[in-house]
Amino acid sequence: MAEIKSHEFDRFAEKPAERFRMFVVYGPDRGLVSERASLIASKTGIDANDAFSSLKLNVGDLQGDPGRLLDEVNAIGLFGGEKLVWVKGAANEKALVDALQVLNETPPQSAFLIIEAGDLKKGTGLRKIAEASRDIAIIPCYADDARALNALIDHELTQDELRIAPAARQRLIESLGGDRIASRNEIRKLGLYCRGKSVIEEEDVLAIIGDASAISADDAVDAILKGDRNAFFHATQKIVSSKTPIFLVLQGCLRQFQLLDQMRAEMDEKKLQAGQVMQTLGRHIHFRRKPIIERALRTWQPAAIAREMNRLQAAILQSRQRQSLEDSVALLTLLSTTLQSGRSG
C-alpha cells in the first residue's frame, strides 16, 4: 500500500513524481481533494494548461467508451515528451475501475494519471485497487481538524502581517473546516477586511465570516441537547447536503454525553452546582455553548445519560458494521436523543 496520510502529504508533495506516475486523491473534502491534485499536477513538470501535453477529463467522458482512458494514457504526445491525464469527479464507475486495474498491472512509462474522487468506501472500486498497489499513490482528504485549521489560519494571516486574538481564532475555527478551498477563501476575505489592523478581534470575524463549514457538528449537538427539533433538522440538513458524514455528529454527541456523565458524577460526589462544575471540567467549552451544557446538566439525570451513551455507542457500532445504513442509523438515533432532551427539559 502506498497511502499518503495527511501529516505526510507536505513532504510527499515536494517530489511526488519521483516514485509514482498514478495518483488517486479522494475524500469528503472536495476542496482539499482539488487543492492536493493541483499541487501534484504542478510537480509533474507538465503544464496542465498545455493542450498538447495535458488532458483533463470528467468521469462522464469515459461513459460509453471504456477504452478511452487507456488510449489517452498510452498515447504519445503530439510533440513527444511526457503527458498528464487528469480525471475529475470520479466515484467507482466501472469504466474507470477497469482501466485503473489494467494500468496497475502495466504502469505507464511516459504519462502521469491523476484521479480526483469523492468519498470512497473502503474495499470498493478505485480504493481497493489503489490500496493494494505499490505503483499508485492514494491520498485521502478528510475535513481539516483543529490543528490543520490553526496552521491554515497562521499561514494565510502571516502573509498579511496580521495576528488574531484567541477569542477571534476560536470563532473563526468554528466557521471553517468542511472544505479546504472554502476555508482558505474565508480566511483571505477576513485578511482583506482587516488589512491595516495589527490584531483581528472577534467582532471582525463575526462581521465578515460566513459559515464556510460543511460540518456544523456543534450546532447539531447543541440542538440535540436543547431538544430543539427545528434547529436539529436545519443543522443536519446542512451537513447532509454538504456530503459530510453524519457519523461525525454521532461521535460528537457521544463525546458530549461522556462529558456530561463525568460532570454529573462530579456534581453528585462533591455536592456541587452545575455552574461550579462548569468552571472546572467545562472551562474549555466555548462561552457561547456553556449555557446549553449547564442546562443539560440540570435536566439530564445520571441514569438517563447512561442510557443515551449506550444507545449512541450501539448506533456507532451498527453504522460501522453496516455502512450502507450509516445515515439512517445516525439520523434516527440523534432525532430520538433530541426528543428525549425535549422531554427532559
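Visitor: What makes the contact between the side chains of Arg188 and Glu156 a salt bridge?

Guide: A salt bridge is defined as a side-chain nitrogen of Lys or Arg within 4 Å of a carboxyl oxygen of Asp or Glu. For Arg188 and Glu156 the N to O distance is 3.0 Å, so the pair meets the definition. Arg188 belongs to helix 8 (residues 180-193) and Glu156 to helix 6 (residues 146-159), 32 residues apart, and the pair links distant parts of the chain. Helices (H or I, at least four residues) and strands (E, at least two) are DSSP runs, numbered from the N terminus.

This is a predicted model, in which local features need pLDDT of at least 70 and side-chain atom pairs count only at pLDDT 80 or more, while totals for chains, interfaces and linings use all residues. Residues are numbered from 1 along each chain as its sequence is written, and side-chain values use heavy atoms, with hydrogens and water left out.

Visitor: Why is Glu156 called buried?

Guide: Buried means under 20% relative accessible area, exposed over 50%, and partly exposed in between (1.4 Å probe, protein chains only). Glu156 has 5%, and therefore counts as buried.

Visitor: How do you know that the buried residues of helix 6 line one face?

Guide: In helix 6 the buried residues are Leu149, Leu152, Ile153, Glu156 and Leu157. Seen down the helix axis they fall within an arc of 115 degrees, so they line one face. The arc is taken from the directions from the helix axis to the C-beta atoms. On the other side of helix 6, Arg147, Thr158 and Gln159 are exposed.

Visitor: What covers the buried residues of helix 6?

Guide: The cover includes strand 6 (163-164), helix 7 (166-174), helix 8 and strand 7 (199-200). Contact here means heavy atoms within 4.5 Å.

Visitor: What makes Asp222 and Arg289 a salt bridge?

Guide: Their side chains meet at 2.7 Å, N to O. The pair links distant parts of the chain: Asp222 is in helix 10 (residues 217-226), and Arg289 is in the loop between helix 13 (274-278) and helix 14 (290-299), 67 residues apart.

Visitor: Why does Arg289 count as buried?

Guide: Arg289 has a relative accessible area of 12%, and is therefore buried. Asp222 is buried because its value is 9%.
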